[in-house]
Amino acid sequence: MNNTQLQVDASSVYRMFDELNQKNRKRVKRAALSESSSILINETKHNLRQIMTKSGRLSTKSKKRTGKTLEQGIKRNYDKNAEGVTIHIKGDFRLKWFELGTAIRRTKGHKKYGIGKEVTRTGKGGNRGLIKAYFFFRKAKEAKEKEIFSTIDDVLEKHIKRINAKYHNK
């Protein structure tokens with residue numbers, strides 16, 4: 001089996017990109033952003049599934065309260081002119097706690113009203129625990145960063161060549 005590497009001259013790809021009209025440029029950019037951002041989204045979902053099954057805290061299934069799975073909280077937003085894409089975990093408020101963790105949460109105890117509505121605390125309060133920081137999104141970003149940028153280049157090249165082949169013969 002031959003292990004030959006394909007070398008592409010980037011200047012020819014840029015030249016072909018310059019020949020595209022505005023609509024096709026935007027289409028090519030959006031396709032490249034979509035494919036490369038899906039790599040990060042899939043890796044984040046994979047890390048989240050591993051955390052949830054190992055910790056035994058929550059499953060990724062939907063809950064009655066929110067009606068969404070935790071994985072549906074990982075969102076992608078495109079810029080208007082297809083110049084960039086934003087991926088975030090703000091779609092579900094619970095994801096922030098598993099990404100960054102929480103401090104120990106305690107209650108203050110029961111209120112007891114005295115004469116003149118003075119409030120005194122009885123009991124020592126309860127410990128409600130903490131959530132350990134898992135950094136599932138940060139780890140996914142660090143692990144797939146190089147692959148994402150190489151995918152952008154490959155997809156740009158592929159789509160530019162396909163569009164030029166389609167319109168060059170006309």
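## The second largest pocket

In this predicted model, the second largest pocket is lined by Leu 33, Ser 36, Ser 37, Leu 40, Val 85, Ile 87, Phe 137, Lys 141, Glu 145, Ile 148, Phe 149 and Ile 152. The space inside this pocket amounts to about 230 Å³. Rolling a probe the size of a water molecule over the atoms shows where such empty space is left.

Three elements, H2, strand E2 (85–88) and H4, each contribute at least two residues to the lining of the second largest pocket. Helix H4 provides the largest share of that lining, with six residues.

Two or more residues of the positive patch come from each of helix H2 (22–55) and helix H4 (136–168).

## Salt bridges

Side chains of opposite charge can pair when their charged atoms come close. Across the whole structure, a search finds seven salt bridges. Among them is the pair of Glu 83 and Lys 29, whose side chains meet at 2.9 Å, N to O. Because Glu 83 lies in the loop between strand E1 (75–78) and E2, while Lys 29 belongs to helix H2, this pair ties together parts that are 54 residues apart in sequence.

Key
Residues are numbered from 1 along each chain as its sequence is written. This is a predicted model: local features need pLDDT of at least 70, side-chain atom pairs count only at pLDDT 80 or more; totals for chains, interfaces and linings use all residues. Side-chain values use heavy atoms; hydrogens and water are left out. Helices (H or I, at least four residues) and strands (E, at least two) are DSSP runs, numbered from the N terminus. On a 1 Å grid over the protein atoms alone, a cavity is a set of points where a 1.4 Å probe fits but cannot get out, and a pocket is an open set with protein on both sides within 12 Å along at least five of seven lines; lining residues have an atom within 4 Å of a point. Grid points are joined across faces, edges and corners, and a volume is the space filled by probe spheres set on the points. A salt bridge is a side-chain nitrogen of Lys or Arg within 4 Å of a carboxyl oxygen of Asp or Glu.
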